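This report describes the sheet, the helices, the nonpolar cores and the salt bridges of the structure shown below. Please keep the sequence and the model in view while reading.

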Amino acid sequence: MTPNFKATELFGGAVIVNLPDGYADVSDIREVPDHQEIYLDASGFSSIIVEIAERVPQPAADVDALKFHFEDIVDEQDSGRIWHTDVAHLPLFPPNTPCYTLLATTTPPPATNGNIQRPLTPTFTAIILTLIRLVPQSTDIVVTINIPHIPGQQEPADGAVNFQEGKFGSLVDGGVKIRDEVWRTLQVKDWGLFSDGE
């Protein structure tokens, strides 16, 4: 099922993107750092985070920077695995802007006597990450779609999820549709947002 999208202003209108209309702005209920915008699925557990980060310095290759940003968001107690990386295409950015994407999963540590998992602890979280490297602005824009898989709460009975076999399930397929719409519509309206803006 394809969600309905609406144009959403981020960072005071300096950036605009289409986001699912069922996602709520987290800053309406709690404080969010100035360099982040966070939207949460009002009827589920998924979230979208748009972050303006300092550009990972050279000599890091772009793919290494992609992996760096992924590792930066993984909880130190969780295990992470990258399943796929690729070039991303965002048509509303200047030509030749380096853009990359990855699909990964993180898994929390198993429950032990000293580590009791809460009822809504996911068996794993799928992460769809997009990295846009703004070289002149010394900035990385990181868009992360987080899709927790909660036991008995989410994935419909549409076949087993098996990342090794490329069976991602309907939740991740929905996340890919959101990612594709973000790619199609993400646009910087005010480059003065960045410290070295044009």
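## Strand 7 and its neighbours

Strand 6 (residues 79-87) and strand 7 run antiparallel and are joined by eight bridges; helices (H or I, at least four residues) and strands (E, at least two) are DSSP runs, numbered from the N terminus. Ser-79 has Thr-107 of strand 7 as its bridge partner. Eight bridges also join strand 7 to strand 8, again antiparallel, and here Thr-105 is partnered by Ala-126 of strand 8. Eight of the nine residues of strand 7 are buried, so this strand is largely enclosed by the rest of the structure. Buried means under 20% relative accessible area, exposed over 50% and partly exposed in between, with a 1.4 Å probe and protein chains only.

The model is predicted: local features need pLDDT of at least 70 and side-chain atom pairs count only at pLDDT 80 or more, whereas totals for chains, interfaces and linings use all residues. Residues are numbered from 1 along each chain as its sequence is written, and side-chain values use heavy atoms, with hydrogens and water left out.

Seven strands form an open sheet with antiparallel pairing, in the order 3-4-5-9-8-7-6; two strands pair if DSSP finds at least two bridges between them. Strand 3 (23-25) and strand 6 are the edge strands, each pairing on one side only. Direction ignored, neighbouring strands are turned by 20° against each other on average. Strand 5 and strand 9 pair in the antiparallel sense over eight bridges, with Ile-52 opposite Ile-141 in strand 9.

## The helices

Helix 1 packs on the sheet, touching strands 5, 6, 7, 8 and 9, and its direction makes about 135° with that of strand 8. Helix 2 also packs on the sheet, touching strands 3, 5, 6, 7, 8 and 9, and its direction makes about 160° with that of strand 9. Axes are lines fitted to C-alpha atoms, for helices over the stretch in contact, and angles run from 0 to 180 degrees between N-to-C directions. Contact means heavy atoms within 4.5 Å.

The buried residues of helix 2 include Val-172, Ile-178, Val-182 and Trp-183.

## The nonpolar cores

The largest nonpolar core has 34 residues, and those with the most contacts inside it are Leu-90, Phe-93, Ile-132, Ile-141, Val-143 and Leu-186. Elements that each supply at least two residues of this core include strand 5 (47-54), strand 9 (139-149) and helix 2 (169-185). Strand 8 gives the most, with five residues. A second, separate core of twelve residues includes Leu-66, Phe-70, Leu-102 and Ile-127. A nonpolar core is a set of buried Ala, Val, Leu, Ile, Met, Phe, Trp, Tyr and Cys residues joined through side-chain atoms within 4.5 Å.

## Salt bridges

The whole structure holds four salt bridges, each a side-chain nitrogen of Lys or Arg within 4 Å of a carboxyl oxygen of Asp or Glu. In the one between Asp-62 and Arg-133, the closest N and O atoms are 2.8 Å apart. Asp-62 lies in helix 1 (residues 62-73) and Arg-133 in strand 8, so the pair ties together parts that are 71 residues apart in sequence. Arg-133 also forms a salt bridge with Asp-140, the closest N and O atoms being 3.0 Å apart; both of these residues are buried.

Arg-184 forms a salt bridge with Glu-181, with 2.7 Å between the closest N and O atoms. Both lie in helix 2, three residues apart, about one turn of the helix.
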